[in-house]
Amino acid sequence: MLASPLSAQVVPSSPFPHLTAAMEQRILAYTGLASLLFLSIYKVFSHWKTPKVATPLKGPKNISFIFGFYRYIQEQDDPGAVYEAWSKEYGPAFTVPGPFGTKRVVICDPKANTHFYSRETYGYVQPKLARVFIENLFGRGLLWSEGDSHKRQRKAVTPAFSNAAIRRLAAVFHDSAHKMKISWDAIIDSSKTEYAVFDVQKWMNHVSLDSIGIAGFGHDFAALDGKNTPVLDVFDSFDDANTDFFSRIIFFLGPVFPTLQNLPTRSNRMLRRLRETMGKIADELLERSRRVKMDGKEDSVTADKSIIGLLGWFSLRAKFPVAVDLSSLVKSENAGTQLHMSSEEVLAQMNTLLLAGYETTSISLTWALIELSRRVDKQERLRHELRSVVGGAEPSWEQITAGLPYLDAVVHEVLRLHPPVGETTRVAAEDDVIPFSAPITTADGRTTDKLLIAKGTIVSSPIAYLNTAEILWGHDSSEFVPERWLDERFNRAKAITGHRHILTFSDGPRICLGRTFALVEFKIFLATMIGQYRFELPDGPATPIVKHPSILPRPKVKGCEGGQVLLKVWRLGVE
Ligand code: HEM
C-alpha cells in the first residue's frame with residue numbers, strides 16, 4: 001500500500017528504519033530513565049560534594065563509593081574502638097571517606113574539640129541531611145536552629161531548666177518510679193519463681209516517657225499504665241527491623257529531593273501522627289489554662305509546674321499575647337526581653353523536649369542496668385551506699401545532688417561508656433583554623449599544630465572515642481569502673497571541657513539543656529531500682545549484648561526479639 005502524502009508529512013521517516021515502533025518506544029523510555037538517573041546522580045553528587053580539605057590529611061582508604069564508611073561505623077558495636085585504632089595509625093586528625101566520594105575530617109584532640117564546640121551554630125552548622133531530618137522529626141526548634149535564631153530560642157527556654165525548677169520536678173520522677181515499682185511488685189508476686197523476667201528496655205521507655213510528659217508539659221502519656229501512644233509507635237517505626245528498603249532510600253535521598261518526604265512511607269506516616277498528637281497536647285494545655293482562668297483556681301497538674309508551664313507560653317495571665325490560638329506569636333513571660341517565639345517554634349520546642357528527653361534517658365537507664373548486671377559487685381556496692389545513706393525512704397534532693405558519691409560515679413561511668421549520641425558532625429560555615437595540643441603529620445609529611453579548614457568541609461567530633469580514649473582515661477578506659485570518678489584516675493581527662501570532662505552532653509552553645517533534668521531523673525530511677533531489686537542477665541554476666549539500630553542506637557540481648565533487654569529481677573526486703 002502506498003503511504004498517503006499526509007502520513008508522509010506527519011510521521012517523519014525514522015533514522016533507524018529497521019526498528020519497529022514498539023522497539024523505538026522502548027528505547028525512548030530507556031533513554032528517559034537513563035537521563036533521569038544521570039540527573040539524579042548529578043544532583044546527589046553536587047549535593048554531597050565537599051571542598052578539598054585545606055590541610056591534606058591521611059586516613060583510611062574508601063570501602064564503598066555509595067556509603068563510604070558511613071554504614072560500617074553505624075554497624076559497629078563499639079565505634080569508639082574504630083576511631084581509637086585510626087587515631088593510633090594516623091594521629092589526632094585524619095579524613096574518613098563518606099557517601100558519594102565525600103570526606104570528613106575527624107578531630108581526636110581535646111584542644112581541637114574545645115575550639116570546634118565553641119564555634120557551634122555560627123562557625124560549624126548542621127549538615128543539610130541532618131537538618132532536614134531534625135526538621136521532620138522535631139520541627140524548627142532549638143535543635144534545628146543556628147546562629148542568632150538558636151541564641152534567641154535558647155535564651156527563651158533556659159529559665160525552665162534552672163536548679164530550682166528541676167528541684168520542683170523531682171517529685172514527678174519519684175511518682176513515676178513509685179508507679180513502676182507497684183507494677184513490678186505485682187508481676188514478681190504473681191510469678192511462679194522467686195524472680196520475674198522483665199524487658200527493662202521497654203520499662204525504661206515507659207518510665208522516661210511518662211516522666212518527660214508530665215515534667216515537660218503536664219501531660220500524662222500513661223505508658224506505665226499500658227496505654228499505647230503514637231510517640232512509642234514513632235520510635236518503633238525507626239527500628240531497622242521495621243524500616244523497609246524503600247523508606248531508607250527515601251530517607252537518604254530526602255534532602256536532595258524534598259518532595260520524597262511527602263510520600264506515604266511508614267516513617268513519614270508516623271511522623272505525621274506524632275505532629276498531630278503534639279498539636280493536640282498543645283491544645284489541651286491551652287484549654288486547661290482557659291479552665292483555670294474561668295474557675296479561678298490552680299489545677300495541680302497544670303502546665304504551670306512543668307517546663308513549658310514555667311515558660312508561661314500557654315498561660316492566659318501572660319502580659320503579652322500568648323498562644324491563645326496557635327497561630328499567634330508567643331512571648332516568654334520570664335525573660336522580659338523580646339524573645340518572641342512563633343507558635344510553630346513552641347510546638348517544635350515541645351517535640352524537642354519530648355524526643356530529646358525520652359530516647360536518651362531511657363537508653364542510658366537501660367545501659368546502667370546492663371552494666372550493673374555484668375558487675376554484680378558494683379551493683380552490691382551501690383545498693384550498700386543507698387541503704388546506708390537513704391535507708392528504705394525516697395532520696396532527698398540534697399542526697400541526689402551531693403550525698404551519694406557512688407551513685408553519681410555509676411551514672412557518669414554509664415554516660416561515659418555509652419553516649420547515646422556517639423558523634424557530632426557539622427559543616428564549616430566559613431574558613432577556620434583549628435588549634436591542636438599535639439602535632440599532626442599531614443599527608444605530605446609536614447608537621448603542624450594547626451589545621452586549616454575550608455568553608456564547606458565536614459568536621460566530626462568522635463564523642464564515643466573521646467569518652468574512652470586510652471590516652472585520656474588510662475589502660476582500663478573501655479571497662480566499667482565507676483571508682484575512676486572517685487580517685488586520681490579522673491584527673492587525666494581534664495583536658496576535655498564539657499560536663500564533667502565527657503562529651504556525652506556535647507559542649508559549647510549546644511550543650512544539652514536538659515542535663516541537670518536528665519541526671520536527677522537518672523539518679524532517682526536508678527536509686528529506686530537498685531535499692532529495691534536485684535538484677536541479673538539471663539545467661540550470667542557474659543550474656544552477649546549487641547547494638548540495636550533505632551533513631552539512636554540501643555543495646556539488646558543477642559538473640560532476643562526487637563530491642564529486648566531481658567533481665568531477671570528479684571524483689572529485695574527492706575533492711
Ligand atoms: C542521658 C540523657 C541525655 C543525653 C545523653 C543528652 C544528650 C544531648 C546532646 C548530645 C545534645 C546535643 C545535640 C546536638 O548537638 O545535635 C543535646 C541537646 C539537647 N538536649 Fe539533651 N540529652 C539528654 C537528656 C535530655 C533531657 C532529659 C532533655 C529535656 C528535658 C534534653 C533536652 C535537650 C535540648 C533542648 C537540647 C538542644 C540544645 C540546643 O540545641 O541548644 N536532653 N542533648
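Student: How do you know whether S506 is buried or exposed?

Tutor: S506 has a relative accessible area of 13%, and a residue is called buried under 20%, exposed over 50% and partly exposed in between, computed with a 1.4 Å probe on protein chains only, so S506 is buried. This is a predicted model, in which local features need pLDDT of at least 70 and side-chain atom pairs count only at pLDDT 80 or more, whereas totals for chains, interfaces and linings use all residues. Residues are numbered from 1 along each chain as its sequence is written, and side-chain values use heavy atoms, with hydrogens and water left out.

Student: What makes the backbone of S506 worth a remark, and where is S506 found?

Tutor: The phi angle of S506 is near 65°, which is a positive value in a residue other than glycine, and S506 belongs to the loop between α19 and α20. Helices here are DSSP runs of H or I with at least four residues, strands are runs of E with at least two, and both are numbered from the N terminus.

Student: How do you know which protein atom is a donor to the iron atom of the ligand?

Tutor: Donors are N, O and S atoms within 2.8 Å of the metal (3.2 Å for Na, K and Ca), and sites may look incomplete because water is not among the atoms. The SG atom of C512 is 2.3 Å from the iron atom, and C512 is the single donor from the protein. The UniProt record, an unreviewed entry, covers C512 with the annotation "binding site", although such annotations may be inferred rather than shown by experiment; UniProt positions are given in the numbering used here, with feature names shortened.

Student: What makes a residue part of the shell around the ligand, and which residues come nearest?

Tutor: A residue is near a molecule or strand if one of its heavy atoms lies within 4 Å of it. There are 26 residues around the ligand, of which H150, R154, R426, R510 and C512 come nearest. Helix α14 (343-374) is one of the helices that supply at least two residues of this shell, together with α7 (147-157) and α20 (515-532), and α14 gives the most, with five residues.

Student: Why are β12 and β13 called paired strands?

Tutor: Two strands pair if DSSP finds at least two bridges between them, and four bridges join β12 (residues 545-548) to β13, with the strands running antiparallel. K547 stands opposite P555 in β13, and a hairpin of five residues joins the two strands.

Student: How do the side chains of β13 point?

Tutor: In a regular strand the side chains alternate between the two faces of the sheet. In β13 (residues 554-557), R554 and K556 point one way while P555 and V557 point the other way, and all are buried.

Student: Which strands pair with β14, and over how many bridges?

Tutor: Strand β4 (residues 195-199) pairs with β14 (residues 566-571) in the antiparallel sense over five bridges, with V197 opposite K568. Strand β11 (residues 533-536) also pairs with β14 in the antiparallel sense, over four bridges, and there F535 has V569 as its bridge partner.

Student: What makes β1 and β3 edge strands?

Tutor: Five strands form an open sheet of mixed pairing in the order β1-β2-β10-β7-β3. In that sheet β1 (93-97) and β3 (124-125) are the edge strands, as each pairs on one side only.
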